[in-house]
Amino acid sequence: MKIQEAVTVLRSINKGIDNILSDFSEPNKINLAGFMERNYMFNMPLEKFSYLTGRSLTTFKRDFKRAFNTTPQNWLTKKRLELAHYPLTEKHRKPIDIFYEVGFENLSHFSYAFKKQFGVTPTKLADRKIPDR
């Protein structure tokens with residue numbers, strides 16, 4: 001009875017309140033895929049990513065799996081390694097100069113993951129000379 005009274009009062013105050021009251025979309029959730037594509041290089045724990053997207057950690061992981069068909073950690077590692085590939089190959093920057101800016105905390109983990117994904121250490125890739133033309 002009190003709920004019905006409250007709704008009646010709200011309707012008298014704001015005629016468009018039905019649009020707000022009948023909105024069953026999930027509040028404060030932002031587009032997960034778009035957010036992650038824009039922010040994957042920032043080294044944050046998954047809890048922070050989940051908070052910033054308006055989700056609990058469990059919901060974040062479930063929505064992430066649905067959006068990307070992989071785990072957040074695997075996706076983040078792959079995207080960060082792909083981001084590191086260009087400055088190593090084209091700019092010939094050293095791994096020590098880029099591992100942190102692409103989202104890794106540890107140089108040895110970066111080197112291990114890079115070699116696992118690309119089959120060559122980041123140091124060897126960065127040291128490759130550009131062939132004379």
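A polar contact is a pair of N or O atoms within 3.5 Å; within protein, one must be able to donate a hydrogen and the other to accept it, and residues adjacent in sequence count only if both atoms are side-chain atoms. I started with one of those. At the start of H3, a side-chain oxygen of Asn 31 comes to within 3.2 Å of the backbone nitrogen of Ala 33.

**Ground rules.** I'm working on a predicted model, where local features need pLDDT of at least 70 and side-chain atom pairs count only at pLDDT 80 or more, while totals for chains, interfaces and linings use all residues. Residues are numbered from 1 along each chain as its sequence is written, and side-chain values use heavy atoms, with hydrogens and water left out.

**Overall layout.** I looked up the secondary structure and found nine helices and zero strands. Helices (H or I, at least four residues) and strands (E, at least two) are DSSP runs, numbered from the N terminus. I also checked burial: 31% of the 133 residues count as buried. Buried means under 20% relative accessible area, exposed over 50%, and partly exposed in between (1.4 Å probe, protein chains only). Then I looked at contacts (heavy atoms within 4.5 Å). Among those between residues at least 6 apart in sequence, 52% join residues at least 24 apart.

**Helix H3.** Which residues of H3 are buried? I got Leu 32, Phe 35, Met 36 and Asn 39. They cover an arc of only 95 degrees around the axis, so they sit on the same side of H3. That arc is taken from the directions from the helix axis to the C-beta atoms. What covers these buried residues includes H4, helix H5 (57–68) and H6.

**Aromatic rings.** Rings of Phe, Tyr and Trp (its six-membered ring) pair if their centres lie within 6.5 Å; planes under 30 degrees apart are stacked, over 60 edge-to-face, and the rest tilted. I get nine aromatic pairs by this rule. One of them joins Tyr 40 and Trp 75, edge-to-face, with 5.9 Å centre to centre and 80 degrees between the planes. Tyr 40 is in the loop between helix H3 (32–39) and helix H4 (46–52) and Trp 75 is in helix H6 (residues 72–89), so this pair ties together parts 35 residues apart in sequence. Both Tyr 40 and Trp 75 are buried. For Phe 104 and Phe 110, the ring centres are 5.2 Å apart and the planes at 65 degrees, so that pair is edge-to-face too. I also noted a single aromatic cluster made of Tyr 40, Phe 60, Phe 64, Phe 68 and Trp 75.

Tyr 40 has a charge over its ring as well: Lys 79 lies over the face, 5.1 Å from the ring centre. The rule is NZ of Lys or CZ of Arg within 6 Å of the ring centre and within 35 degrees of the ring normal.

**Cores.** A nonpolar core is a set of buried Ala, Val, Leu, Ile, Met, Phe, Trp, Tyr and Cys residues joined through side-chain atoms within 4.5 Å. The largest has 13 residues, and those with the most contacts inside it are Leu 81, Leu 88, Phe 104, Phe 110 and Phe 114. H6, helix H8 (107–118) and helix H9 (122–127) each give two or more residues to this core. A second, separate core of 12 residues includes Met 36, Met 44, Phe 64 and Trp 75.

**Thr 53.** I found Thr 53 in the loop between H4 and H5. Buried or exposed? Thr 53 is buried, because its relative accessibility is 0%. Its side chain reaches the backbone oxygen of Ser 50 at 3.0 Å.
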